[in-house]
Amino acid sequence: MNENSCSFHNEKELRDGQVESVCATYPSPYDKDTGALRALRGIPISELKNRGVLRALTAEANGWEPAVVSAEVLRAREEWEAVDNIQTETGSQASADQPGQLISFSEALQHFQTVDLSSFKKRIQPTIRRTGLAALRHCLFGPPKLHQGLREERDLVLTIAQCGLDSQDPVHGRVLQTIYRKLTGSKFDCALHGDHWEDLGFQGANPATDLRGAGFLALLHLLYLVMDSKTLLMAQEIFRLSRHHIQQFPFCLMSVNITRIAIQALREECLSRECNRQQKVIPVVNSFYAATFLRLAHVWRTQQKTIADSGFVLKDLEVLAKKSPRRLLKTLEIYLAGVTKGQASLLGAQKGSGPQAPHSKDLTFTGVCDLPPHSSEGTWLI
């Protein structure tokens, strides 16, 4: 027997001895798998990942494959692949145990005061351009001009109305999440896109598509409405009215139209007298928005309006709001005082029982931008 042959037999005997030793400890491949899994069963997946154990279990080593692949091994492989493929979307899905922090109106406003909005500011037209008799009439009988020191604040309001919703901006996402959680009472965040936004009165799964003519200011107004304890009760009452089985309307879409009216009133200087009196613009615009929404809810409930009346109701509301803004603001003051005393209620004895209102995408809604302007005072463009 030559030297090579002896070497071959020695190696074979060594390998056979190792196999017998291993088999004595682990009778079969299946027992080896399950035994190891029993030891690892109580260890969290994240810990297995950190130690590299899970990858070792699911990888092929030196071409070896188990004779029997147990269900636990397959499940471990799937979990490992899921851990590797997790992608986070800003503000879209927070942990169920750790919902995102709510954002206040002042914090959201501060965000817009600190970011660069120069590209959006170029688009605004702060006031309505009037010519001929319209300009003369406005000069003689119209409201006073806004004080010079308040014009920068006015321009900020109109600039925010030019900004769209950016789902990649964490602040934008927090504003949406806050509106959703406050209106629904949910303790958890939701996806930034989905059918749940239709339940709140948007026309589709993406709220950004419904902000035409009002931009992010429409969302700031909703945020203002739900983050104050007094106006939150008002918002919740209007939201319940919007889900009435006969008088239902898309709540958020209606709110966007109220914001459009507020923008137009600001540009036509209908709010200048009140802004000059309070030496503020943003609080006046916010209160005017809330007061106009309150008036709409009152008319809607008491006059038994339905979605078919939406365009005409909004048009009449716009005329009244521009003509008598102080009257609307006084009504809001009285209502909020009643809320403080626990006496104010929009819905009264009216009950919202009955079949659930359809999604807003199933409703034919006419907003202020869908009707022709009633006068030559200006255009609907911001």
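This is a predicted model: local features need pLDDT of at least 70, side-chain atom pairs count only at pLDDT 80 or more; totals for chains, interfaces and linings use all residues.
**Entry 1**

I began with Lys330 and found it partly exposed, at a relative accessible area of 42%. My cut-offs: buried is under 20% relative accessible area, exposed is over 50%, and partly exposed is in between, with a 1.4 Å probe and protein chains only. Glu333 also counts as partly exposed, at 39% relative accessibility. The side chains of Lys330 and Glu333 meet in a salt bridge, 3.7 Å from N to O. For a salt bridge I need a side-chain nitrogen of Lys or Arg within 4 Å of a carboxyl oxygen of Asp or Glu. Why is the separation of Glu333 and Lys330 about one helical turn? Because they are 3 residues apart in helix α18. Salt bridges with shared partners tie Glu274, Arg277, Arg326, Lys330 and Glu333 into one network.

I number residues from 1 along each chain as its sequence is written, and side-chain values use heavy atoms, with hydrogens and water left out.

Ser272 is buried, at a relative accessible area of 4%. Leaving out residues up to four places away in sequence, Ser272 touches Pro144, Lys145 and Leu146. A contact here means heavy atoms within 4.5 Å.

**Entry 1: helix α18**

Back to α18, which runs over residues 325–340 and has 16 residues. Helices (H or I, at least four residues) and strands (E, at least two) are DSSP runs, numbered from the N terminus. From first C-alpha to last, α18 reaches 23 Å, close to the 22 Å expected at 1.5 Å a residue. The expected span is 1.5 Å times one less than the number of residues.

Which residues of α18 are buried? I listed Pro325, Leu328, Leu329, Leu332, Tyr335, Leu336, Gly338 and Val339. Their cover includes α13 (229–242), α15, α16 (282–302) and α17 (310–323). Just after α18, I spotted Gly342 with a positive phi of about 75 degrees.

**Entry 2: aromatic rings**

A pair of aromatic rings is described by the distance of the centres and the angle of the planes. My rule: rings of Phe, Tyr and Trp (its six-membered ring) pair if their centres lie within 6.5 Å; planes under 30 degrees apart are stacked, over 60 edge-to-face, and the rest tilted. I get 8 aromatic pairs. One of them is Trp197 with Phe202, edge-to-face at 6.1 Å centre to centre and 75 degrees between the planes. Trp197 is buried at 0% relative accessibility, and Phe202 is buried at 1%.

Next I looked at Phe239 and Phe251: their ring centres are 5.4 Å apart and their planes are at 75 degrees, so this pair is edge-to-face too. Phe239 is in helix α13 and Phe251 in helix α14 (residues 251–267), so to speak a link between distant parts of the chain, 12 residues apart. Both Phe239 and Phe251 are buried. Together with Tyr289 and Phe293, they form one aromatic cluster.

**Entry 3: one more salt bridge, and cysteines**

I count 10 salt bridges. Among them is Arg181 with Asp189, 3.1 Å from N to O. Arg181 counts as buried at 13% relative accessibility.

How many disulfides does the structure hold? I found 0, taking a disulfide as a pair of cysteine sulfur atoms within 2.5 Å. Cys163 is buried at 3% relative accessibility, and Cys190 is buried at 9%.

**Entry 4: the whole chain**

I finished with the totals. The protein chain has 18 helices and 0 strands. Of its 382 residues, 43% count as buried. Among contacts between residues at least 6 apart in sequence, 78% join residues at least 24 apart.
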